[in-house]
Amino acid sequence: KNMIRKRDTMTDEQILKEINPVFLTARSSIYRFALWGDETAKKIVAFLEKDGPKELFRNVPDKITDPARLVLMSMLEARYRTMGEILNKENPGVLLDIPCGYTMRPIEFAGKGIRYFGADLPATIADMTGAVDAILSESDKKYVHMVSADATNPESVEEALAGVEDEVCITTEGLLSYFTDSEMDAIFETMRLVMKKRGGCWLTPDREFGDYMQIAARVVANGDDEILERFNMYRAEIAKRAQSSLGKNAFMSGTLDESIQYANRKGFHVERINIGRYLPDLKSFEGIRDGLMDELREACINLSVWKLTLEDKSNEERKSVGFQIDTYTEGDTLVMEVSGRLDTLTAPELVARFGEAGKVRIDFSGLDYISSAGLRSLMIILKKVGRENMSVVNLKENVREIFETTGFAELML
């Protein structure tokens with residue numbers, strides 16, 4: 001048998017794009033900040049384009065005039081800038097930014113002497129590591145650690161924070177809407193384990209910032225129904241491109257009280273930090289009309305960033321099993337025995353190891369968990385070989401439940 005273990009770097013970026021559809025969105029975000037005039041973002045883009053312009057960047061328009069699209073663009077800026085203001089107030093000693101994406105934060109926080117841990121997919125981390133090395137001074141580089149980690153995988157996050165004993169402030173921005181219920185359970189468990197060991201807090205705007213876009217659309221539209229209609233159309237297109245029905249997990253789709261109760265059941269206390277108090281002037285809306293930002297801040301007065309702290313420290317730590325694939329052939333069939341966790345970090349290995357086999361049997365007897373990225377990796381293989389040439393067998397009860405609740409059981413089992 002041939003044994004494959006998780007590697008530190010990706011070998012096929014196209015696989016990554018298919019498994020994690022928000023990868024390209026993360027790249028375009030830094031370019032948008034550069035167009036807004038952020039000097040740090042300009043430096044990062046300059047590094048990313050050092051070998052020539054990226055096709056993705058060329059496809060991002062330099063100027064957007066449609067108010068409906070400006071609202072969508074403002075979401076990114078409003079979330080990032082508001083979180084920055086709140087983080088300045090919190091003044092953490094250690095910041096874990098997961099997923100960090102293509103971000104100015106490592107440069108900004110290194111300048112303040114704050115230890116910054118940016119965690120994301122290996123391809124993103126490779127790019128950002130190069131940018132940080134190119135931009136920061138030698139004295140500031142010691143504050144920045146760019147690491148590969150999956151927020152739903154506590155083992156990978158613990159590896160990222162190896163040696164850190166101080167309290168940690170964790171941020172997750174633009175992440176939770178893309179999770180299934182099982183992934184949401186997993187990320188709460190990851191955060192609980194990190195904070196149980198070190199203390200600290202978890203800051204996320206995700207639960208209420210979706211409402212920000214609707215509010216901003218109404219403020220910007222100022223009674224123009226056509227703008228609101230275009231905004232809703234554009235937002236639906238984004239959700240479709242991301243291959244995700246946004247906000248459909250239990251935490252994101254319930255009422256605020258239900259979401260707070262969800263967090264309480266997971267052992268967390270929730271403090272809501274008012275967005276309107278921290279929302280700065282946005283480049284996105286410059287020149288639309290005088291007083292718009294004051295109107296927007298007032299309209300956002302009931303929206304909040306959530307600060308979660310641990311209140312239940314009695315649960316035992318969960319054992320996390322490493323990822324492994326054993327492969328061998330039986331006649332003309334490739335057999336893949338998968339164990340551990342099939343998630344954002346490990347799913348590309350499954351596709352890469354599959355290669356171009358004509359028939360495949362995937363044995364999940366050792367699989368403890370599968371995320372939506374893992375399910376998408378199976379879809380990639382299914383499209384290559386067809387239903388009649390692929391079988392998925394020996395699923396544990398919890399893994400089978402994920403297949404059934406997501407509809408994948410009808411496709412593959």
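**Charged side chains: salt bridges and a surface patch**

Across the whole structure, a search finds 20 salt bridges. The model is predicted. Side chains of opposite charge can pair when their charged atoms come close.

**Salt bridge D166–R115**
- D166 and R115 form a salt bridge in which the closest N and O atoms are 3.8 Å apart.
- This pair links distant parts of the chain, 51 residues apart: D166 sits in the loop between α9 (154-160) and β5 (168-171), and R115 in strand β3 (residues 115-120).
- D166 counts as partly exposed because its relative accessibility is 45%.
- R115 has a relative accessible area of 26%, so R115 is partly exposed.

**Salt bridge E208–R272**
- A salt bridge joins the side chains of E208 and R272, at 2.9 Å from N to O.
- Because E208 lies in helix α11 (residues 206-221) and R272 in strand β7 (residues 268-274), the pair ties together parts that are 64 residues apart in sequence.
- E208 has 1% relative accessibility and therefore counts as buried.
- R272, at 36% relative accessibility, counts as partly exposed.

**Salt bridge D332–K359**
- The closest N and O atoms are 3.5 Å apart in the salt bridge between D332 and K359.
- Distant parts of the chain, 27 residues apart, are linked by this pair: D332 is in the loop between β9 (324-330) and β10 (333-342), while K359 is in strand β11 (residues 359-370).
- D332 is exposed, because its relative accessible area is 54% and the cut-off for exposed is over 50%.
- K359 is partly exposed, with a relative accessible area of 34%.

**Network**

**Negative surface patch**
- D224, D225, E226 and E229 form a negative surface patch.
- E229 counts as exposed because its relative accessibility is 56%.

- D66 is located in the loop between α4 (55-58) and α5 (67-90).
- The relative accessibility of D66 is 17%, so D66 counts as buried; the cut-off for buried is under 20%.
- The side chains of D66 and Y234 make a polar contact at 2.8 Å.

Technical notes: Residues numbered from 1 in each chain as written. Predicted model: local features only at pLDDT ≥ 70, side-chain atom pairs only at ≥ 80, totals over all residues. Heavy atoms only, no water. Patch = residues over 30% accessible without salt bridge, like charges linked within 9 Å, V, L, I, M, F, W, Y side chains within 5 Å. Areas by Shrake-Rupley, 256 points an atom, 1.4 Å probe, with all protein chains shown as cover. Salt bridge = Lys/Arg side-chain N within 4 Å of Asp/Glu carboxyl O. Lys, Arg positive; Asp, Glu negative; His and termini not counted. Charge placed at Lys NZ, Arg CZ, Asp CG, Glu CD. Buried < 20%, exposed > 50% of the residue type's maximum accessible area, 1.4 Å probe, protein only. Helix = DSSP H or I, 4+ residues; strand = E, 2+ residues; numbered from the N terminus. Polar contact = N/O pair within 3.5 Å; in protein donor to acceptor, adjacent residues only side chain to side chain.
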